[in-house]
Amino acid sequence: HRYPNEEAFLNVLCSAAVLQHCRKGAVVIPPKAVTVPSKVTAEAEIGKKEDAAKARYAFISYVRKDQDEAELLRKLLMQNSVDTWMDTYNLPAGGNYPAEITRAIRECACFILVLSDEAQNSAAVAKEMELATMKFHKPLVILQIEPLDLNDAFMFYLGNQQIVQVYDITKDTPERRKVIHSVIRNVGSD
């Protein structure tokens, strides 16, 4: 915001209780117009930093057809003390789903994609991938659950990413352990 004079700036900066103290010189303000961030902007930035500091969960992106695999992955992560965000558990009933999902991706410590042919052809998963990769630059863990060739859109998003093939998530394999350890490394621990 741009303030035309010192008095206008002081009225915004100082509460009524300390305005008199500010006028006595405790805060030196040049007499010309002063530009400062708005209170709303400053509070939003503080909130983002606090949320990022608390972001200790992994966002799981999947399609309904792959829900069983996503559920098993969630269970494995929780057994390893990793919190997760998954729509079936974390979306509030009647909530603003696009806003809730965007917030969850923005605030997550790690983005996990349960990759299948159906997932890479899902508009919803593509939107989540775009947010995670292009907008918020999240660490990605890609769990490929079936043989496939990446389509053009997912080649764009994942072309330089490591994709871990785990075709049977119920089996304790080095690949499955690699996924779990990668998520743990990205989410961190207390």
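Hi everyone, and thanks for coming. Two notes before we look around. The model is predicted, so local features need pLDDT of at least 70 and side-chain atom pairs count only at pLDDT 80 or more, while totals for chains, interfaces and linings use all residues. Residues are numbered from 1 along each chain as its sequence is written, and side-chain values use heavy atoms, with hydrogens and water left out.

Let's start with the whole chain. The protein chain has 10 helices and 7 strands. Of the 190 residues in the protein chain, 38% are buried. Buried means under 20% relative accessible area, exposed means over 50%, and partly exposed is in between, with a 1.4 Å probe and protein chains only. The accessible surface of the protein chain comes to about 11,300 Å², and carbon and sulfur atoms hold 53% of that. Those areas come from the Shrake-Rupley method with a 1.4 Å probe, and for residues only the protein chains shown count as cover. Now for contacts, meaning heavy atoms within 4.5 Å. Among the contacts in the protein chain with a separation of 6 or more, 68% are between residues 24 or more positions apart.

Now please find strand S5, residues 110-115. How many of its residues are buried? The count is 6 of 6, so to speak a mostly covered strand. Cys110, Ile112 and Val114 point one way from S5, Phe111, Leu113 and Leu115 point the other way, and all are buried.

Who are the neighbours of S5? On pairing, the rule is that DSSP must find at least two bridges between two strands. S3 and S5 pair in the parallel sense over 4 bridges, and Ile60 has Ile112 as its bridge partner in S5. S5 and S6 also run parallel, joined by 5 bridges.

Because 5 of its 5 residues are buried, S6 is largely enclosed by the rest of the structure. Both faces are covered, with Leu140, Ile142 and Gln144 on one side and Val141 and Leu143 on the other. S6 then runs parallel to strand S7, residues 163-165, with 3 bridges joining them. Leu143 turns up again here, standing opposite Val164 in S7. Together, S6, helix H9 (residues 152-158) and S7 make a right-handed β-α-β unit. Right-handed means that, with the strands pointing away from the viewer, the path from the first strand over the helix to the second runs clockwise.

Helix H4, residues 67-79, has 13 residues and reaches 18 Å from its first C-alpha to its last, close to the 18 Å expected at 1.5 Å a residue. The expected span is 1.5 Å times one less than the number of residues. Which residues of H4 are buried? They are Ala70, Leu73, Arg74, Leu76 and Leu77. Seen down the axis of H4, these fall within an arc of 165°, so they line one face of the helix. The arc is that of the directions from the helix axis to the C-beta atoms. Asp68 and Gln79 are exposed on the face turned away from the buried side. The buried residues of H4 pack against several elements, including S3, S5, S6 and helix H10.

H10 has 14 residues and reaches 20 Å, close to the 20 Å expected. Its buried residues are Arg176, Val179, Ile180, Ser182, Val183 and Val187. They cover an arc of only 160° around the axis, which puts them on the same side of H10. Pro174 and Arg185 are exposed on the other side. The buried residues of H10 pack against S3, H4, S5, S6 and S7.

Last stop: a few backbone angles. H10 is followed by Gly188, with a positive phi near 85°. Ser81, in the loop between H4 and S4, has a positive phi near 60° although it is a residue other than glycine. Its relative accessibility is 68%, so Ser81 counts as exposed. His137 sits in the loop between helix H8 (123-135) and S6. Phi of His137 is positive too, near 50°, and His137 is exposed, with a relative accessible area of 60%.

Notes: Helix = DSSP H or I, 4+ residues; strand = E, 2+ residues; numbered from the N terminus.
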